[in-house]
Every structure is written in C-alpha cells, then in structure tokens.
Amino acid sequence: MTERTRRDWLRVAGGVGVAGLAGCSALGGDPSDDGDDGESDFEGADLPLDLDGRAQSPEGLTSQFRQGLRNHGHIDATIPETVDVEWAVPANRGDHTASKGSPMLAPSGDVLVADDTGRIQSIATDGEPNWSTSISDDDRGSHGTPAIADGTAYVGTYDGVVSAVSVADGEILWQTDVGDAAAASPTYHEGRLYVAVEYATPSGTVVVMDAESGDVEWRDDRPTDHPHSTVAVDLERDRFLFGSNDGNVYAWSFSDRERAWTYDTGGDVKAPIAVSRGIAVVPSWAETVTAVDVADGTGLWEFETDDMVMCAPAVHDGTAYVGSHDGNVYAIDLATGEEEWSTPVNGWVTGSVTATNEHVLAGSYDAHLYALDRADGSVTWAVEGRGDVTSAPYVTDDAIYYAERAPEGSDEAGMCYKLAAPE
C-alpha cells in the first residue's frame with residue numbers, strides 16, 4: 001500500500017495546517033457534514049472553523065442514518081452523566097446476525113424505527129405508539145434506518161423493495177422493487193435516494209431514485225458482491241461510495257455517475273463507511289480499519305485489530321471511533337492511523353458507534369450500551385438491555401434512543417429504548 005507523508009495527507013485534507021488539525025477542523029463544503037469542515041479548499045490556511053450555527057442537513061432533509069451524507073456518525077449534543085431507561089417498546093424479533101435498523105427522529109419529535117418483522121412504526125416521546133405499517137413480509141424484514149425528508153420516510157427491505165411512507169400517519173406512498181435485497185439504509189440528497197442493492201448471484205449494484213415518485217433514474221451496470229454498506233456522499237470531492245462483500249470499496253463521480261475507483265481491503269466491507277476531511281474510514285472483515293483518499297482511492301493507512309470489523313465508524317475532530325469483533329472500541333487518529341485508546345466492552349461490536357461532543361456511544365453483544373469518554377475511553381456508564389445492541393444510538397437534547405436484536409434462543413422481542421437523565 002502507498003504510504004503518505006504528512007504533507008501529502010494535508011493536501012488530501014484540503015490544505016489545513018498542523019494547528020488546524022490539532023485544534024480546529026478540516027475543510028469541505030458538504031452542509032450535512034459533522035462540523036469538521038469549512039467552506040473552501042484554500043491551500044495553506046488555518047481557518048477559524050466555528051460551524052456550530054451551520055445547517056447540518058440538505059434542504060428538505062430532517063434526518064438520516066449516520067447523521068449526514070458522509071456517514072460521519074457525530075451528533076452535536078451532550079449526554080447525561082447517568083441515565084435511566086424511560087421506556088422500552090418491542091421491535092426486532094428475528095435472529096439474523098446483521099445489524100438492525102436504528103431509531104430516527106421525525107420533525108414532530110416522534111421516533112421512527114424499521115424492524116426485522118417488516119414493519120415501520122412511529123413511537124411518541126412517551127413510548128406510546130402512533131402508528132405501525134407493514135412494508136414487507138420477507139423473513140428478514142428491514143435492517144435499514146429511514147431517511148426522513150419533506151414528511152416522508154424512506155427505507156429498504158430484504159425483499160428488494162424501497163418504500164416511501166408518510167411520517168404523519170404511516171400511509172405507504174410508493175414502493176419500488178430495485179433488486180433482490182435493499183438491506184442498506186437509503187441516502188437522501190436534493191430529491192434523490194442513493195441505495196445499495198443486492199442480487200442473488202451474488203452480485204449487486206447502486207441505484208439513484210426519484211424520491212417523489214420512486215422511479216429508478218440510474219443504475220450502475222457493473223456488479224459488486226452483495227453491498228450492505230450505506231452510500232456515503234462527498235459533494236466537494238465529487239464522489240459517492242460504498243463497501244461490498246467482495247472486500248472492495250467502490251466509488252463513482254457524483255456529477256456524472258461514472259465509476260471513479262475501486263479499493264480492495266482484503267475482507268468483506270459490510271458496515272457503512274465514514275468520510276471526513278476527504279478520507280474514507282473503512283471497516284473490514286480483514287481485521288482492519290483502512291483510510292482511503294476519497295478523491296483517488298489511494299490507501300493512506302491501515303489499522304489492525306484482533307478480529308474482523310463490522311462496525312460503522314464515527315469520525316469527529318480528527319479522531320475515528322470504531323468497534324471490533326475483538327470486543328474493543330478504538331479511538332484512531334485520523335491523520336496517522338495511530339491508536340489513541342482502546343476500551344473493552346465485553347462482546348462483539350457490530351452496530352454503529354455514535355460520537356457526541358464528549359462521549360462515544362457503542363453497543364455490545366453483552367447486551368449493554370456503553371458511554372465512553374472521548375478523551376480517554378473510560379466508561380461513563382453502561383445500560384443493560386436484553387439483546388445484542390446493534391443499532392446506532394440517536395441522541396437528542398434530552399434523550400438517547402437505540403434498538404437491539406432479539407435475545408438469541410428466546411421468544412422475547414428485541415426492544416427500542418429511550419434513555420434519559422434520572423428525574
């Protein structure tokens with residue numbers, strides 16, 4: 001793999017100086033990003049990049065998986081030092097090992113969650129159900145997370161259908177068959193959905209859909225191998241990309257949808273790729289986390305764990321956070337690939353970690369959701385549920401929502417939880 005000097009890395013990041021890397025942010029123009037990026041690629045400048053007031057979503061978008069086009073996984077919020085379970089609502093009932101869908105917040109403040117029964121439901125902030133709609137009778141239902149825009153929730157299911165559902169009442173607005181499985185979460189941008197699609201051979205593709213009608217506008221004609229990974233979009237670098245079971249990351253130009261590059265990690269890439277500062281952070285079953293240049297597909301560094309990595313990373317303030325089957329959560333310096341800290345969480349970490357302003361939230365196969373201090377990885381608190389925690393926690397000003405798998409070998413359902421500070 002090609003090694004980069006620090007000067008090379010700074011060029012990729014957009015020219016921000018060393019002081020900017022240590023204390024501020026890097027560059028980029030994507031309004032859905034994590035607050036790490038500025039507004040231009042100005043060579044050699046250390047810019048004051050206080051972006052707290054900037055819109056975090058494209059026009060019309062309320063929320064989507066991993067908090068933005070780049071799947072960065074950071075939420076601008078502070079969690080309580082202690083929490084209690086305020087309510088738990090039944091959700092997943094299947095035992096398929098893939099990560100389950102994550103709760104997502106609607107404009108009303110209600111929570112939407114799609115589960116592996118093939119249902120999408122709306123839950124009020126007090127835990128009472130608003131509505132529940134069946135969108136699939138496939139045995140694996142949905143493992144995706146809805147993208148919510150202009151009052152509509154978009155989600156895929158394992159029967160290869162993408163559905164649009166009214167957030168207000170659960171009415172199905174349209175359903176489009178795009179392949180054999182649409183297990184990845186849709187990515188929404190300016191009236192279009194970008195969706196990774198699986199075929200049974202095995203192979204796969206990516207489609208671009210009109211969000212209003214459900215029509216497929218474009219489909220790549222070169223197959224991949226069962227892509228589970230949610231599409232990431234980097235507007236400034238004119239790329240969209242995802243990972244595949246054949247171990248490759250595939251990238252296209254966003255402007256003309258031409259295949260741009262392919263990078264082989266050596267192991268299945270099943271989880272979403274996080275993008276920050278022009279760098280794609282790629283989890284792989286090769287027991288690695290790899291940094292790849294979004295523009296040209298060059299490998300920048302490779303971080304080794306002691307087992308496969310099937311966890312979606314979160315990236316913020318120059319650090320990537322990711323879990324592994326080796327039972328640890330890692331903090332990795334984005335610039336160098338060096339470990340900052342690691343913390344054992346007593347089980348596989350196969351869901352998506354979420355970074356808040358001071359903590360990292362990570363679910364474990366020991367049935368706990370962990371809050372880890374971003375500074376040193378120490379455990380602030382751990383909440384025990386009943387099943388393996390494989391969703392991405394969603395954080396609001398006053399609550400944390402997450403979902404789990406059904407307990408293995410049990411008739412009990414996996415739950416969707418609301419955590420809040422003790423009264």
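**Salt bridges and charge in a predicted model**

Let me begin with Arg374 and Asp317, whose side chains meet in a salt bridge at 3.8 Å, N to O, a salt bridge being a side-chain nitrogen of Lys or Arg within 4 Å of a carboxyl oxygen of Asp or Glu. Arg374 sits in the loop between β29 (368-373) and β30 (379-384), while Asp317 sits in the loop between β23 (314-316) and β24 (319-323), so the pair ties together parts that are 57 residues apart in sequence. Arg374 counts as buried because its relative accessibility is 11%, whereas Asp317, at 39%, counts as partly exposed; here buried means under 20% relative accessible area, exposed over 50%, and partly exposed in between, with a 1.4 Å probe and protein chains only.

Residues are numbered from 1 along each chain as its sequence is written, and side-chain values use heavy atoms, with hydrogens and water left out.

As for the whole protein chain, there are two helices and 33 strands, taken as DSSP runs numbered from the N terminus (H or I, at least four residues, for helices; E, at least two, for strands). Of its 423 residues, 65% count as buried. If we take contacts, meaning heavy atoms within 4.5 Å, between residues at least 6 apart in sequence, 49% of them join residues at least 24 apart.

Returning to the salt bridges, the count comes to 14. One of them joins Lys270 and Asp268, at 3.8 Å from N to O, and both Lys270 and Asp268 are buried. Another links Arg222 with Asp221, the closest N and O atoms being 4.0 Å apart; in that pair Arg222 is partly exposed at 39% relative accessibility, and Asp221 is exposed at 68%.

Glu287 lies in the loop between β20 (279-284) and β21 (288-293), and with a relative accessibility of 33% Glu287 counts as partly exposed. Glu408, in the loop between β32 (400-403) and β33 (415-420), counts as exposed because its relative accessibility is 69%. What separates Glu408 and Asp95 in sequence, and what in space? Glu408 and Asp95 are 313 residues apart along the chain, yet their C-alpha atoms are 6.4 Å apart.

Technical notes:
This is a predicted model: local features need pLDDT of at least 70, side-chain atom pairs count only at pLDDT 80 or more; totals for chains, interfaces and linings use all residues.
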